[in-house]
Each structure stands twice: as structure tokens, then as C-alpha cells.
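This report describes selected features of the structure shown below.

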Amino acid sequence: MRSGRFDQGGFTYLGLIVFVFIIGLVGAATLKVEALLRRAQLEKELLETGAQFSAALNSYAQATPRGQPRAPLALEDLLRDKRFPNPRRHLRRIFIDPVTGKAEWGLVRAGESGPILGVHSLSQATPLKQANFDARFSGFENREYLSEWKFMAQESGAPVQLQPNAPGRPGTPPATPRPRPTTPDPEPPQDEPPPEEPPAPPEEPADEPQEPPGQSQDSGR
């Protein structure tokens, strides 16, 4: 009787251990799935936040007065564009990086201390999303780090670089071809008098036809 009770209690204790182990595995898998879903959501928010920076840089470039730089030197210039008598606002605020949780961004500059052409996250995590990006996020496929998602001044991923007098730009008059120098046509040679022809030889008188013999002059009577 005591042995049977011991065996029954042992099996009950072993079953409880197995049950707890299974619950632990399920809980760990659930936490991992939740972490992956949370991470995917943060990457989606990063894309939307970066798109707002890209749109603000585009707005700053398009509103540039003549003779002014087309890109800001600091992100704060997007909040108050001082190139106008009444400062304009291209961005509501400096957004927080949803992945790092800080309002700090990597800057893509034209040169070491040149104007800002784009921004990117400072996170060195590997992105979960590797494909199927929108057209405005061109070049984001198969990146190793989130910091390689660069949100540039143009939606295609290239910085705004408009050359003066570029073809197709509104307000630029078409280039007029230069007139080619005309050379005067050579004067036609003056007509020379034709050479005098030698006088034709006098013509010989033609022989008069003779009447056949035996025919009288009065045959027609």
C-alpha cells in the first residue's frame, strides 16, 4: 500500500514538472512572438517618421528663395525657416526615433559639415523587414542594419540637386541657338561673248528636174 501510494505520488510530481516545462516553453514562445511583433511595429513607425523628415527636406528645398541654400544646416531649420521675413515651418517637431527611443538622428551631409541631405536611425539592430517596401523607400531592401535606412531629401532616395538652367525646369527660357555666320555666295562669273563663228560656205544651186521624154508641155489640155 505504501509503495503504491509512493509510485502514484511520484508520477503526479513528474507530470507536474512536465506540465510546468511545457507552460514555460509556450510562455517563452509567446514572449518571443510578442517581441517580434513589437519590433515589426517599431520598424513601421520608423519608416513613417523617416518619411516625414524626407517630406520636410523636400518642402525646404522647394521653398528656397533665389540665391539661398536648398538644404538646411541643422534639423532645427526645418522647424523655423529663417530665410523668409516670417519664418516658415516645414516640420512640426524633431521626432523621437521609435527604435532607440531618443530624439537623436544620424545626419547625411554634403561633405563633413555641409547641408543636411537626409537622416537615419542610430540603431545597429538588424531589420526584420527586408523586402516589399513602398516606392518612396527605394534602396532599403536587404540591409544589415537599421542605420542603413537613409531618408533622403527626395522620395527616390537621392538628394535634391537641381542644376541651374536644367532642361525641363519651369521658368527657364529655352536656349536659343546662336546664329551661324553667313558667308557671301561667290559672284557668278560674267558671261563672256561667244566666239565668232566662221561664215558658212555659199550654197550650190539645186539642179532643176527634167521632164521625161515624149511628154509634151500641152499634155494637160
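## Aromatic cluster

Phe 140 is buried, with 4% relative accessible area. The model in which this residue is placed is a predicted one. The ring of Phe 140 is stacked with that of Trp 149, because the centres lie 5.7 Å apart and the planes meet at 10°. Trp 149, like Phe 140, is buried.

Phe 140 also pairs with Phe 133 in an edge-to-face arrangement, with 5.8 Å from centre to centre and 75° between the planes. Phe 133 is buried as well, at a relative accessible area of 12%. Ring pairs join these residues into a cluster made up of Phe 133, Phe 137, Phe 140, Trp 149 and Phe 151. In the structure as a whole there are eight aromatic pairs.

## Nonpolar core

The largest nonpolar core comprises 22 residues, and Trp 149 and Phe 151 have the most contacts inside it. Two or more residues are given to this core by each of helix H1 (2-62), helix H2 (76-79) and strand S2 (116-120). H1 supplies the largest share, seven residues.

The surroundings of Phe 151 can be listed in detail. Apart from neighbours within four places in sequence, Phe 151 contacts Leu 46, Leu 47, Gly 50, Ala 51 and Leu 57, together with Leu 117, Gly 118 and Val 119, and also Phe 137 and Phe 140. Phe 137 and Phe 140 belong, with Phe 151, to the ring cluster described above.

## Strands S1 and S2

Strands S1 and S2 run antiparallel and are joined by four bridges. Within this pairing, Gly 106 is placed opposite His 120 of S2. The two strands form a hairpin with six residues between them, and Gly 111 in the turn has a positive phi of about 95°.

## Glu 43 in helix H1

Glu 43 is located in helix H1. Is this residue buried or exposed? Glu 43 counts as buried, because its relative accessibility is 3% and the limit for a buried residue is under 20%. Leaving out residues up to four places away in sequence, Glu 43 touches Thr 126, Pro 127, Leu 128, Lys 129, Leu 146 and Trp 149.

Arg 39 is partly exposed, at 22% relative accessible area, whereas Glu 43 is buried.

## Salt-bridge network

Side chains of opposite charge can pair when their charged atoms come close. Four salt bridges are found in the whole structure. One of them joins the side chains of Glu 48 and Arg 136, with an N to O distance of 3.1 Å. Glu 48 lies in helix H1 and Arg 136 in the loop between S2 and strand S3 (150-152), so this bridge ties together parts 88 residues apart in sequence. Glu 48 is partly exposed, with a relative accessible area of 37%, and Arg 136 is likewise partly exposed, at 33%.

Arg 136 meets a further partner, Asp 134, in a salt bridge of 3.7 Å, N to O. Asp 134 is partly exposed, with a relative accessible area of 42%. Through shared partners, Glu 48, Asp 134 and Arg 136 form one network.

## Other basic side chains

The charged end of Arg 88 sits over the ring of Phe 84, at 4.0 Å from its centre. Lys 129 lies over the face of Phe 133, 5.0 Å from the ring centre. Lys 129 is also among the residues touched by Glu 43.

Arg 92 belongs to the loop between H2 and S1 and is exposed, with a relative accessible area of 61%. Its contacts, not counting residues up to four places away in sequence, are Gln 52 and Leu 79. Arg 92 and Arg 80 are twelve residues apart in sequence, with 9.6 Å between their C-alpha atoms.

Methods: Residues are numbered from 1 along each chain as its sequence is written. This is a predicted model: local features need pLDDT of at least 70, side-chain atom pairs count only at pLDDT 80 or more; totals for chains, interfaces and linings use all residues. Side-chain values use heavy atoms; hydrogens and water are left out. A nonpolar core is a set of buried Ala, Val, Leu, Ile, Met, Phe, Trp, Tyr and Cys residues joined through side-chain atoms within 4.5 Å. Buried means under 20% relative accessible area, exposed over 50%, partly exposed in between (1.4 Å probe, protein chains only). Contact means heavy atoms within 4.5 Å. Rings of Phe, Tyr and Trp (its six-membered ring) pair if their centres lie within 6.5 Å; planes under 30 degrees apart count as stacked, over 60 as edge-to-face and the rest as tilted. A charge sits over a ring if NZ of Lys or CZ of Arg is within 6 Å of the ring centre and within 35 degrees of the ring normal. Two strands pair if DSSP finds at least two bridges between them.
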